[in-house]
Amino acid sequence: MSVAYHLEIYSTDRFKLMLNYSGIVNDTASEDLCLNIFAIDAQGMPIFTERLYVDHIRKIFTHLNSISIIREGAPISSKFVETSDEINVLLESLKERDLEVILTLLNKFKSENKIIGLLESLSDLEIENLHGAYHHKLMISEISNLRKLLLYEESGKIVDGVNSEDSLIKYRAKQPEKVFQNWIEQNLWIFGVDYIKKHDARKIGLFSEGDLLMESVDGYLDLIELKRPSHDLLKYDMSHKCYYPHPDLSLVIGQSLFYLQKLEEYKLNLEREYSIKVIMPRIRIIVGCNKNFNNDQKDCLRVLNSKLNSIQIITYDDLVSYGELLLKQYED
């Protein structure tokens, strides 16, 4: 064990819980890194001890970094351990480079200035490119994750699927609706520059847990109503040989009309609570899938959207398409 990396993390009148790292040289850990966890009683006698090796430590870090306890106050990465976009790119690059070369470079800087020194050696243009590269990689990963979630939803095993893949654990929830809400909340970029901030809808008794109050880039309030991708959207009328809204979709539209009415009634309270404007609010309903729609179904949904005032129906397949279009813009 190492005296320099000894830490008491919890203490009562009966016992103390201690941590101690070994396998660290000049503040740099190697594959020999170990985390020793032990407890002693009030007389200093050992109660238990356990040793975790580097693979165990990586699993703990990955698990912690899939959640956030400071999301509302940290617009950077919403991770348990907050970092900048540029540092995220550097850390990702470590997995693909010669570690000996990188460690040689980092060892040229003093311990507390390693990342700062590395970043200062880059030009402004390189930093900007790092920022863009990070977001490009993030978008590719998140669109892929959304596709996986939709496949699990289609199979009827969405909750189990999220728990089975490390890349999806950050969306984990007990209810399928909450899984997709978690994805939306962590990927507001999917709406382009429309929204800059999410407000807490739970503070207002008008809305359900799956509703998102969003502040638009011009300072107005919108609402995103989330339903499951498995919701049916259209039914076929054999007598008239045309499609019409499925009762499930009609119910969601009716709920949205109710919300629009309540938003108008509570306008003054909402503007005072959030310091934003409530003028002609819009509601975006995220529901269902349309990748297998025929032309008549696509036309029906298009007409329906055109006739709904202040309400827009967006499918989860549309979200994937939005993401692919944004990726194309980054690549261009």
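This is a predicted model: local features need pLDDT of at least 70, side-chain atom pairs count only at pLDDT 80 or more; totals for chains, interfaces and linings use all residues.
Ser310 is partly exposed, with a relative accessible area of 21%. Ser310 lies in the loop that links α10 (295–307) to β11 (311–314).

**Loop residues with positive phi**

- Ser310 is not a glycine, yet its phi is positive, near 70°.
- The class of Ser310 follows from its relative accessible area of 21%, because buried would require a value under 20% and exposed a value over 50%.
- Met280 also has a positive phi without being a glycine, with a value near 50°.
- Met280 sits in the loop between α9 (267–274) and β10 (283–286).
- Met280 has a relative accessible area of 58%, so this residue counts as exposed, for which the cut-off is over 50%.

**Pairing of β2 and β3**

- Strand β2 (residues 15–25) and strand β3 (residues 28–41) run antiparallel and are joined by 10 bridges.
- Val25 has Thr28 in β3 as its bridge partner.
- The hairpin of β2 and β3 has two residues between the strands, and in this hairpin Asn26 adopts a positive phi near 55°.

**Pairing of β3 and β4**

- Strand β3 also pairs with strand β4 (residues 46–53), in the antiparallel sense and over seven bridges.
- Tyr53 in β4 is the residue opposite Cys34.
- Four residues lie between the strands in the hairpin of β3 and β4, where Gly44 has a positive phi near 85°.

Note on methods:
Residues are numbered from 1 along each chain as its sequence is written. Side-chain values use heavy atoms; hydrogens and water are left out. Buried means under 20% relative accessible area, exposed over 50%, partly exposed in between (1.4 Å probe, protein chains only). Two strands pair if DSSP finds at least two bridges between them.
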